[in-house]
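Me: Please work through the geometry of this model with me, one question at a time.
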Amino acid sequence: MDLKTSISVSASGLRAQSLRMRVIAENLANQDSVAKTAGGDPYRRRVTTFQAEVDRATGGNGVKITGIDADRTDFQKVYMPGSAAADAQGYVLKPNVNALLETADMKAAQRSYEANLNAIDAAKSLTMRTIDLLK
């Protein structure tokens, strides 16, 4: 695998994990939000989806972002009768965001991002060593 191919494969991973971290950060930022109107739906957790993609020009396998989808799990019901977002029974729907799960996903995305950076650095280093040997 040449330098261009290895860097393009790692760069696609960097883009994918960067988007994943942005979506996770958005989820965490909205974990305590409620609906604007009584009985309305609050923020719904979002998840990124990826798939492998073959770059025909370079022959390398990369990552293609296929979408950002809403998590269809149920909302949490919390009894808050004084809230403007409460329904007739006094319950407020809270987002389906689990901070522990989001934190674990963020850590995994960070590790994957770091691994792609290390792969780019290794490819660059190997190329520089090869050039040094040819001098």
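Me: Is Ala-115 buried, partly exposed or exposed?
Reply: In this predicted model, Ala-115 is located in helix H2. Its relative accessible area is 44%. Buried requires under 20% and exposed over 50%, so the class of Ala-115 is partly exposed.

Me: What is the distance in space between Ala-115 and Gly-13, C-alpha to C-alpha?
Reply: Along the sequence, Ala-115 and Gly-13 are 102 residues apart. In space, their C-alpha atoms are separated by 9.2 Å.

Me: At what angle do the axes of helix H1 and helix H2 cross, and are the helices roughly parallel or roughly antiparallel?
Reply: Two packed helices are described by the angle between their axes and the distance between the axes. The axes of H1 (residues 3–29) and H2 (residues 99–134) come within 9 Å of each other, with a crossing angle of roughly 160°. Angles over 145 degrees count as roughly antiparallel. H1 and H2 are therefore roughly antiparallel.

Me: What is the handedness of the crossing, and how do the residues of the contact divide?
Reply: The crossing in which H1 passes H2 is left-handed. The residues of this contact of H1 with H2 comprise four charged, 10 polar and 17 nonpolar.

Me: How many aromatic pairs does the structure hold, and what is the geometry of the rings of Tyr-79 and Tyr-91?
Reply: The structure holds one aromatic pair. The ring centres of Tyr-79 and Tyr-91 are 5.3 Å apart, and the ring planes stand at 65°. Plane angles over 60 degrees count as edge-to-face, so the geometry of this pair is edge-to-face.

Me: Which strands hold Tyr-79 and Tyr-91, and how many residues apart in sequence are the parts that the pair ties together?
Reply: Tyr-79 belongs to strand E3 (residues 76–79), whereas Tyr-91 belongs to strand E4 (residues 91–94). The pair therefore ties together parts whose separation in sequence is 12 residues.

Me: What are the accessibility classes of Tyr-79 and Tyr-91?
Reply: The relative accessibility of Tyr-79 is 53%, so Tyr-79 counts as exposed. For Tyr-91 the relative accessible area is 35%, and the class is partly exposed.

Me: Which residue lies over the face of Tyr-91?
Reply: A charge counts as over a ring only within 6 Å of the ring centre and within 35 degrees of the ring normal. At 5.5 Å from the ring centre of Tyr-91, the residue over its face is Lys-77.

Me: Where are Gly-90 and Ala-88, and is each buried or exposed?
Reply: Gly-90 is placed in the loop between E3 and E4, and Ala-88 is also in the loop between E3 and E4. With a relative accessibility of 5%, Gly-90 counts as buried. Ala-88 has a relative accessibility of 80% and therefore counts as exposed.

Terms used
Residues numbered from 1 in each chain as written. Predicted model: local features only at pLDDT ≥ 70, side-chain atom pairs only at ≥ 80, totals over all residues. Heavy atoms only, no water. Axes fitted to C-alpha atoms, helices over the stretch in contact; angles between N-to-C directions. Helix = DSSP H or I, 4+ residues; strand = E, 2+ residues; numbered from the N terminus. Parallel < 35°, antiparallel > 145°, perpendicular 65-115°, else oblique. Left-handed = near helix turned anticlockwise from the far one by under 90°. Nonpolar A, V, L, I, M, F, W, Y, C, P; charged D, E, K, R; others polar. Phe/Tyr/Trp six-rings, centres within 6.5 Å; stacked < 30°, edge-to-face > 60°. Buried < 20%, exposed > 50% of the residue type's maximum accessible area, 1.4 Å probe, protein only.
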